[in-house]
Amino acid sequence: MTSVIPLHNPDDRFYYFAYGSCMCPVDLKRSLGESTHDYVVGPATLAGYRLGFFRRSRLRNCGVLDVVPHPGSTVQGVLYHLPWRLSPALDLREEGYCHEMVTVIANGQAYAQTRTYSVISKTHEEIAPNEWYSSVVMRGAATCGLPEEYCWSLFHHIHSLQRRQTEAPLRRTA
């Protein structure tokens with residue numbers, strides 16, 4: 001009789017960089033089924049990427065965040081150190097995204113081979129997020145201590161996309 005050897009011990013952990021709604025530990029708990037507060041390492045920075053709303057979520061019916069390579073730019077987010085047992089649930093939550101291994105900086109230390117997710121089929125233009133998604137993203141950014149300037153920049157970007165979406169039908173009827 002042969003036994004199957006798991007690829008990862010259930011007690012092993014992996015680093016995960018969240019930049020969207022998963023920055024909010026309360027919202028992440030909803031998908032993973034357990035509190036994630038204890039797994040937060042802290043605010044982290046991903047260099048060489050920028051944020052964009054390049055995916056329409058069928059579940060949320062709005063634009064959701066993505067990271068795209070962009071030299072000279074940075075993305076702020078939250079670094080988690082999650083148990084491997086949560087990996088399948090995280091993959092399920094991130095439907096439409098694929099793993100990408102990146103290096104992030106948190107607490108003055110580089111974390112190589114950190115998992116993040118990027119959109120598989122990106123839209124050509126950004127799609128505005130709805131109020132619910134926006135509030136979860138902003139709550140996660142504030143709760144986990146992202147820099148205030150970054151939070152304001154993210155807020156203004158979201159607001160400009162929402163305003164553009166609202167004004168678009170008015171321009172077509174004028």
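Student: Let's start with the rings. How many aromatic pairs are there?

Tutor: The count comes to seven aromatic pairs, taking ring centres within 6.5 Å as the rule. Keep in mind that this is a predicted model.

Student: Okay, take F14 and W84. How do their planes sit?

Tutor: That pair is tilted, because the planes are at 45 degrees, with the ring centres 4.8 Å apart.

Student: And where do F14 and W84 lie?

Tutor: F14 is in strand β1, while W84 is in the loop between β3 and α2, so the pair ties together parts that are 70 residues apart in sequence.

Student: Is F14 buried or exposed?

Tutor: F14 counts as buried, at 6% relative accessibility.

Student: What about Y16 and Y80, what kind of pair is that?

Tutor: Y16 and Y80 are stacked, with 20 degrees between the planes and 5.9 Å centre to centre. This pair also links distant parts of the chain: Y16 belongs to strand β1 and Y80 to strand β3, 64 residues apart.

Student: How accessible are Y16 and Y80?

Tutor: Y16 is at 2% relative accessibility, so it counts as buried. Y80 is at 0% and counts as buried too.

Student: Which rings make up the cluster with them?

Tutor: Ring pairs link Y16 and Y80 with Y117 into a cluster.

Student: Switching to the core. Which residues touch the most other members of the largest nonpolar core?

Tutor: Y16 and V75 do, out of 45 residues in that core. At least two core residues come from each of β1 (13-18), α1 (25-32), β2 (40-57), β3 (62-83), β4, β5, α3 (131-143) and α4.

Student: Which element gives the largest share?

Tutor: β3, with nine residues of this core. As background, nonpolar side chains in soluble globular proteins tend to be buried together.

Student: What's V75 in contact with?

Tutor: Leaving aside neighbours within four places in sequence, the contacts of V75 include F17, Y19, A44, L46, L51, V67 and Y150. R50 and T45 are on the list as well.

Student: On to α1. Which residues are buried there?

Tutor: P25, D27, L28 and L32 are buried in α1. Looking down the helix axis, the buried residues fall within an arc of 155 degrees, so they line one face of the helix.

Student: Why would residues three or four places apart point the same way?

Tutor: Because an α-helix has 3.6 residues a turn.

Student: So what's on the other side of α1?

Tutor: V26 and R30, which are exposed.

Student: And what covers the buried residues of α1?

Tutor: The cover includes β2, β3, α2 (87-93) and α3. Just after α1, by the way, G33 takes a positive phi of about 85 degrees.

Student: Where's H37?

Tutor: H37 is in the loop between α1 and β2. H37 is at 44% relative accessibility, so it counts as partly exposed. Not counting residues up to four places away in sequence, H37 touches P25 and V26.

Student: How far apart are H37 and C144?

Tutor: In sequence, 107 residues; in space, 9.5 Å from C-alpha to C-alpha.

Student: Speaking of cysteines, how many disulfides are there?

Tutor: The structure has zero disulfides. For C144, the nearest cysteine sulfur is that of C24, 7.4 Å away, and a disulfide would need the two sulfurs within 2.5 Å.

Student: Which way do β4 and β5 pair?

Tutor: Strand β4 (residues 97-106) and strand β5 (residues 109-119) run antiparallel over nine bridges. M101 stands opposite R115 in β5.

Student: What's in the turn?

Tutor: β4 and β5 form a hairpin with two residues between them, and N107 in that turn has a positive phi of about 55 degrees.

Student: Last one, Q162. Where is it, and what does it touch?

Tutor: Q162 is in helix α4 (residues 148-173). Q162 counts as buried, because its relative accessibility is 15% and the cut-off for buried is under 20%. Not counting residues up to four places away in sequence, Q162 touches A128, P129, N130, E131 and S134.

Key
Residues numbered from 1 in each chain as written. Predicted model: local features only at pLDDT ≥ 70, side-chain atom pairs only at ≥ 80, totals over all residues. Heavy atoms only, no water. Pairing = 2+ DSSP bridges. Helix = DSSP H or I, 4+ residues; strand = E, 2+ residues; numbered from the N terminus. Buried < 20%, exposed > 50% of the residue type's maximum accessible area, 1.4 Å probe, protein only. Contact = heavy atoms within 4.5 Å. Core = buried A, V, L, I, M, F, W, Y, C linked by side-chain atoms within 4.5 Å. Arc of directions from axis to C-beta. Phe/Tyr/Trp six-rings, centres within 6.5 Å; stacked < 30°, edge-to-face > 60°.
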